[in-house]
Amino acid sequence: MARRALITGITGQDGSYLAEHLLDQGYDVWGLVRGQANPRVSRVRRLLQDVQLVRGDLLDQGSLISAVERVQPDEVYNLGAISFVPMSWEQAELTAEVTGMGVLRMLEAIRVCSGVTSSRAPGSAQIRFYQASSSEMFGQVRETPQNERTPFHPRSPYGVAKAYGHFLTQNYRESYGMFAVSGILFNHESPRRGAEFVTRKVTLAAARIKLGLASELRLGNLEARRDWGYAGDYVQAMRLMLQVEAPEDYVIGTGRTHSVRELVIAAFEAVQLDWERYVIADQTLHRPAEVDLLCADPKKARVQLGWEPAVTFEELVAMMVESDVRLLSEGADPEQDSSWP
Ligand code: NDP
Ligand code: GDR
């Protein structure tokens, strides 16, 4: 029988790629969607016609129990979160509730529905759980590259909430023997990335300027460095983490780091423009506390999961710029949900 997966965050970037990947692998895929008239749900219905939807919200414990009872999943991927770091300062409590406490609610739903009431042998519970942990937990790093043993020093309410979810996932594994793993994923991008994140903001601006639709791009910290990979590669690692014998946590990234400035140069080069004529450094876009440098050491994933990223930084930027030029040339509004490539 086909394995059945339940994905929270199905309307987001990763949820869409993961759903496509699991469908390709023969899974029966369900997505948790929230809200009364969430406009992003129609995007999922159009793009992912074979995915079944179930209503629920990470803020609502009962809805998660009902969803797990109804779907009876073999695997749960918890991708739902408030994921935009600057928003986590503006709505710190909501971020704690969704990105942090949401993990507790999802784990509790699985625990209750699996009938796990006391300690068991590790990995004995039936439903396998994946938590979307983040390199933002490393925050202010004292060592580089970062691996599974690197200490956390989160620099935003988002990073703190993710650290809570990360430790809680480990704790449910240790306390109840649940098959619960965290993937510590570094930044991953795609043509479906939200327009608020720096990669997409830059590729959209380069495309707009090239087509005469905009004349400048305002950015914050150009010196911050990130390990950027392709979302389509990273969702494969999520599935692999749930197929191993014993649950463990894994770092997923490329092992290469680039500055925001290098990202801008690559994107503007892709449309043959001189970036310095258009980019304006804007102090108001700097964060209250910055993560200056992230670079993954994904050796454990390579050795134990056989996972390696296929798309390079240069290929990723070119893919995103090309997609944005195409969307804009077709008259689509890339910030509207209807235009998901
Ligand atoms: P997106 O911001 O694209 O998607 C976030 C998803 O969370 C959306 O589907 C959103 O649904 C959902 N969501 C928000 N609030 C709730 C709620 N109260 N209940 C249920 N669902 C909710 O994120 P990504 O796809 O980029 O990331 C997926 C996960 O991976 C997130 O947890 C993120 O923090 C984490 N992550 C991402 C990385 C990246 O580089 N992309 C790196 C490391 C970790 P709705 O449409 O209803 O708003
Ligand atoms: P990040 O991604 O915070 O790493 O979190 P984002 O793309 O927002 O920022 C990356 C870096 O770029 C700098 N920057 C700007 N960022 C934005 N958004 N807009 C700007 O104008 C701008 N100018 C400079 C930032 O200061 C930062 O240093 C992402 C999210 O997907 C998280 O959910 C995920 O956990 C982490 O990646 C890993």
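The protein chain has a mean pLDDT of 95, with 96% of its residues at 70 or more, and the model as a whole scores ipTM 0.99 and pTM 0.97. Where pLDDT is low, the predicted coordinates should not be read in detail. The domain assignment divides the protein chain into domain 1 (4–188 + 230–252) and domain 2 (194–227 + 258–288 + 312–339), and the shell around ligand 2 draws at least three residues from each of these two domains.

**Overall fold**

- The secondary structure of the protein chain consists of eleven helices and 13 strands; its radius of gyration of 20 Å is close to the 20 Å that the globule rule gives for 341 residues, so the chain is as compact as a globular protein of that length.
- Taken along the principal axes, the box that the C-alpha atoms of the protein chain fill is roughly 65 × 45 × 40 Å.
- Of the 341 residues in the protein chain, 47% count as buried.
- When contacts between residues at least 6 apart in sequence are considered, 78% of them in the protein chain join residues at least 24 apart.

- Domain 1 is assigned as 4–188 together with 230–252, while domain 2 is assigned as 194–227, 258–288 and 312–339; the C-alpha centres of domain 1 and domain 2 are 28 Å apart.
- Ten residues from domain 1 and nine residues from domain 2 take part in the contact between them.
- On the side of domain 1 that touches domain 2, helix H2 (39–47) and helix H4 (85–90) each supply at least two residues, and H2 gives the most, with three residues.
- By class, that side of domain 1 comprises six nonpolar, two polar and two charged residues.

- The shell around ligand 1 holds 26 residues, of which Gly-9, Gly-12, Gly-80, Ala-81 and Ala-132 come nearest to the ligand.
- Helix H1 (13–24) and strand S5 (128–134) are the elements that give two or more residues to the shell around ligand 1, with H1 giving the most, at three residues.
- Sorted by class, the shell around ligand 1 contains 14 polar residues, eight nonpolar residues and four charged residues.

**Surroundings of ligand 2**

- Ligand 2 is surrounded by 22 residues, and the closest of them are Ser-83, Ser-134, Val-198, Gly-220 and Ala-224.
- Helix H7 (residues 198–210) gives the most to the shell around ligand 2, contributing three residues.
- The shell around ligand 2 is made up of nine nonpolar, seven polar and six charged residues.
- Both domain 1 and domain 2 are represented in the shell around ligand 2, each with at least three residues.

- Although 65 residues separate Phe-167 from Gly-102 in sequence, the two are 13 Å apart in space, C-alpha to C-alpha.

Key. Residues numbered from 1 in each chain as written. Chains lettered and ligands numbered in written order. Predicted model: local features only at pLDDT ≥ 70, side-chain atom pairs only at ≥ 80, totals over all residues. Near = placed C-beta within 6 Å. Helix = DSSP H or I, 4+ residues; strand = E, 2+ residues; numbered from the N terminus. Nonpolar A, V, L, I, M, F, W, Y, C, P; charged D, E, K, R; others polar. Domains from an automatic or database assignment. pLDDT = per-residue confidence, 0-100. Rg over C-alpha atoms; globule rule 2.2 N^0.38 Å. Buried ≥ 20, exposed ≤ 12 C-beta atoms within 10 Å, placed from the backbone. Contact = placed C-beta atoms within 7 Å.
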